[in-house]
Amino acid sequence: MSTRICIIGTGYVGLVTGTCFAEVGHRVICVDNDPHKVALLQRGGIPIYEPGLDELVQRNVAAGRLRFSGDIAEGVRASEVVFIAVPTPPRADGSVDMSYVEKVTREIAAAITEYKIVVDKSTVPVKTGERVAETIRRYNKDKIEVDVVSNPEFLREGSAVQDLMHPDRIVIGVASERPVAKMKDIYEPFRAPIIVTDINSAEMIKHACNSFLALKISYANALAVICEAGGANVEDVVHGMGLDKRIGRSFLNAGLGYGGSCFPKDISAFIHIAEQLGCEFNLLKEIQRINAGQIQRFLKKVYDTLWIVKDKTIAVLGLAFKPNTDDMRLAPSLEIIRSLQKEGARIKAYDPKAMDKAKEHLTNVEFCADAYAAAKDADALILCTEWNEFRQLDLEKLRSIMAQPIVLDGRNLFDPAKMKEAGFAYKSVGR
Ligand code: NAD
């Protein structure tokens, strides 16, 4: 059954969620307070890169199921169910800045004139649902009944459309039975298991998941250090581990560690949440420590290899925090490039999708048209993001155009034997 849905916050989560809801037949209005973003979307433009999204937006706008607005009140009035998908960024002390969620909650409350379901999709600390419900009661002058639901989002940037259309599970946290049938209706077309919990548990599931995934990454990175010291190959070790069904291969990747807008902030947030509740979660602090160490260890490898980087030209391939996205938030490439620049290196860089966004974060970088243009005359090449197109590079050509055939692979993308055969001095992580 088609539901009228409003999504507030038209970013990576809100835009993709709204579009996928429209794709399965719901009528969706996506609201954002960034007038440039709304105007761009209304003109048919897409503010982010996500595989498959462009076409899906166009199709659903044309079908009249998806539209964009800058007006929360309009969105709330037009909808039965209102989703909150605004940022929950970290504050300096690691806690979550809840001011965006609080602000839109007040605006929703002010606009409500009849029963609504208000769904929080942003990643929030446990007990936020209670706060949202209280805020709506306080700021809705007509004291209209509302159900607040927690529905955390598990999409991955880079495969967000795929993840939303084919989710592993849907988590719905509720305080009563009343909103459950409608929430199940909304998600029924996605044919995924639906788990109904209380609101606190639903909120906790999201932080528990992201922390566990970060744990797997940090575990692989800690292993990589031991593998290097012990003459083992971390890729073989995690392959051998990952075939064990109890463990699983995904997220056991050694490299430069996790970045992006979610894992770093969500781990900090979970540490802070636990502390606020009087519980120590020191395992999470260790995950953070291992992650921060990966970039430092990699930089040491670069400096050990090149001795002095001053006046050397270094090519950086891949800037986004991971492949298939243009998201530069907390991308490891930023810390690496800034460190090398501080030591006096000249940086030439290439990324298939993230260069426009990278320009907002970096200065004095020569952005190149492709990987070969970046590598030309470079004293070393550093791989920061494992985009698929880099797997296809012609190694012979690459070596012939570089000033020195040195490759430092932060993502274990290349095969060490092939690199050696192609004449490169090659270093990677944990092998
Ligand atoms: P984003 O920054 O890409 O998008 C947020 C949008 O909200 C922006 O377009 C911003 O303009 C808009 N916004 C801010 N204040 C607003 C207001 N008062 N009214 C209307 N719009 C407003 O953020 P995101 O990556 O989509 O993340 C949103 C939430 O989802 C966060 O809590 C995040 O932790 C969570 N999340 C993100 C991902 C991810 O991969 N990006 C995955 C799962 C969950």
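Which polar side-chain atom lies 2.6 Å from an oxygen atom of the ligand? Select Asp32: a polar atom of its side chain is at that distance of 2.6 Å from a ligand oxygen. A polar contact here is a pair of N or O atoms within 3.5 Å.

The model is predicted: local features need pLDDT of at least 70, side-chain atom pairs count only at pLDDT 80 or more, and totals for chains, interfaces and linings use all residues. Residues are numbered from 1 along each chain as its sequence is written, and side-chain values use heavy atoms, with hydrogens and water left out.

Next, select Lys37, where an N or O atom of the side chain is 2.6 Å from an oxygen atom of the ligand. At Tyr12, a polar backbone atom is 3.1 Å from a ligand oxygen. The ligand taken alone exposes 830 Å², and the protein buries 91% of that (Shrake-Rupley method, 1.4 Å probe).

Now show the whole shell. The ligand is surrounded by 26 residues (a heavy atom within 4 Å), the closest being Asp32, Lys37, Thr88, Glu157 and Lys265. By class, the shell has 10 nonpolar, 8 polar and 8 charged residues; Asp, Glu, Lys and Arg count as charged, and Gly is among the polar ones. Colour domain 1 (4–192) and domain 2 (200–431): both give residues to the shell, so the ligand lies between them. The domain bounds come from an automatic or database assignment.

Finally, move to the open sheet of 6 strands, ordered S11-S10-S9-S12-S13-S14 with parallel pairing. Strands are DSSP runs of E, at least two residues, and two strands pair if DSSP finds at least two bridges between them. At the edges are S11 (365–367) and S14 (425–427), each pairing on one side only. Select S13 (residues 406–409): 3 bridges join S13 to S14, and Val407 has Tyr426 as its bridge partner in S14.

Definitions and conventions: Polar contact = N/O pair within 3.5 Å; in protein donor to acceptor, adjacent residues only side chain to side chain. Helix = DSSP H or I, 4+ residues; strand = E, 2+ residues; numbered from the N terminus.
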